[in-house]
Amino acid sequence: MSVDHSDQEQPLIAHLVELRQRLLYSVLAILVIFLGLFYFANDLYTWISAPLTALLPEGTSMIATDVTSPFFAPFKLTLVASAFIAMPFLLHQAWSFIAPGLYKHEKRLAIPLLISSILLFYMGIAFAYFVVFPIIFGFFTSVGPENIAVMTDISSYLNFVLKLFFAFGIVFEIPVATLLLLWSGVVTVKGLKQKRAYVVVGCFVLGMLLTPPDIISQSLLAVPMWLLFELGILLGAILVRKSSELEDEVEPASDHDK
């Protein structure tokens, strides 16, 4: 008796085709946004460098130490900015791919988490640009020797800024990460509360590693991290309780169908 494996292989092939299609849509979305922004690439770089250029001594400016830097630095910034702007669409494509495999009560919880993760990521970037950058660059430009002119390379500045954008964008995802850990059962609200002291110390250690060696800059990262952790615990207690109630409602219905 021959066994036809086409029925078993087809679902996998269909998933791979759908994944390829959604990846293609994501790349096209980034490309479309990039083409729309590229004309303003230099203006975009001027805006992103404003927190530093506003603090440079009179008569100094940013420099390009590489021949290709005046083109590739704005190009790279525009490409990354396009990915940032397309983030809601990218996450929507990811959500559309995994949503069919979720239960109804899981979808109710996942959609708010998806929207919150997007907003928190943007909030982290905005916090870095409007609050952290002026303080960090003010510190760096004020501690150098008097006979040293501060003229930062545009590529080095861009790399530094993008690292901080990613760092603060990820840090602001702490509430979502906390909720997912609680929801999956890896940790409990009680367990997180018991480890609060270690988390606070870890926040300041991370703040020390990611910011200049002064207490103000360290606190600008560590304090929001701790507050976001506390927010995750608070929302987690509500989320876990509501998730348990929804599961209790689903199980009796399933038993009744049997």
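Colleague: Does Phe130 count as buried, partly exposed or exposed, and at what relative accessibility?

Modeller: Keep in mind that this is a predicted model. Residues over 50% relative accessible area are called exposed. Phe130 passes that cut-off, so the label is exposed, at a relative accessibility of 58%.

Colleague: What kind of aromatic pair do Tyr129 and Phe130 form?

Modeller: Let's look at the angle. The ring centres of Tyr129 and Phe130 are 4.9 Å apart, with 85° between the planes. Planes over 60 degrees apart get a name of their own, so this pair is edge-to-face.

Colleague: Which aromatic cluster members include Tyr129 and Phe130?

Modeller: Good one to trace in the structure! Tyr129 and Phe130 belong to one aromatic cluster.

Colleague: How many aromatic pairs does the structure hold?

Modeller: The pair of Tyr129 and Phe130 is edge-to-face, and Tyr39 and Phe40 also form an edge-to-face pair, 5.1 Å centre to centre. In that pair Tyr39 is exposed at 72%, while Phe40 is partly exposed at 44%. For the structure, the number of aromatic pairs is 21.

Colleague: Which element of the protein chain has the highest mean pLDDT?

Modeller: The mean pLDDT of the protein chain is 81. Among its elements, helix α11 (residues 215-257) has the lowest mean, 70. The highest, 94, belongs to helix α2 (residues 41-48).

How values were computed:
Residues numbered from 1 in each chain as written. Predicted model: local features only at pLDDT ≥ 70, side-chain atom pairs only at ≥ 80, totals over all residues. Heavy atoms only, no water. Phe/Tyr/Trp six-rings, centres within 6.5 Å; stacked < 30°, edge-to-face > 60°. Buried < 20%, exposed > 50% of the residue type's maximum accessible area, 1.4 Å probe, protein only. pLDDT = per-residue confidence, 0-100. Helix = DSSP H or I, 4+ residues; strand = E, 2+ residues; numbered from the N terminus.
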